[in-house]
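Grab your viewer and follow along.

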Amino acid sequence: MYYAERKGWHFLEKDGIYDGEPRDSAQAIVDLEELRKRGASYLVFTSNTAWWLDYYEIFGQYVEGTSTLVEATSEFKIYKLNPVSK
């Protein structure tokens, strides 16, 4: 991230530290929106976290409805977040 001149955050996070798996879809959505407000423009799931999109079904639908899948492999999925509506 440093050499690409990008800022990255953990998802989910608390005070800049990874905070584990979401309790439910509602928590995941709130945390995603907080990151979006801070300027996040992409969301990346690795092969270790992509299952969240299925397990947290409402969250998965939310991600699909508020972002665009730009690339997916067996190792990762990258979503471009739509801008925050004002």
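A salt bridge here means a side-chain nitrogen of Lys or Arg within 4 Å of a carboxyl oxygen of Asp or Glu. This is a predicted model, so to speak of local features takes pLDDT of at least 70 and side-chain atom pairs count only at pLDDT 80 or more, while totals for chains, interfaces and linings use all residues. Residues are numbered from 1 along each chain as its sequence is written, and side-chain values use heavy atoms, with hydrogens and water left out.

**Salt bridges**

- The structure holds 2 salt bridges.
- E33 pairs up with R36, with the closest N and O atoms 3.1 Å apart.
- Both E33 and R36 sit in helix α1 (residues 25-37), 3 residues apart, or about one turn of the helix; helices are DSSP runs of H or I, at least four residues, and strands are runs of E, at least two, numbered from the N terminus.
- K37 and E34 make a salt bridge at 4.0 Å, N to O, and they too are 3 residues apart in helix α1.

**Buried or exposed**

- Buried means under 20% relative accessible area, exposed over 50%, and partly exposed in between (1.4 Å probe, protein chains only).
- E33 is buried at 18%, and R36 is buried at 7%.
- K37 is exposed at 61%, whereas E34 is partly exposed at 41%.

**Strand β3**

- Strand β3 (residues 42-46) has L43 and F45 on its covered face, with Y42, V44 and T46 on the uncovered one.
- β3 pairs with strand β5 (residues 76-81) in the antiparallel sense over 5 bridges; pairing takes at least two DSSP bridges between the strands.
- Y42 stands opposite K80 in β5.
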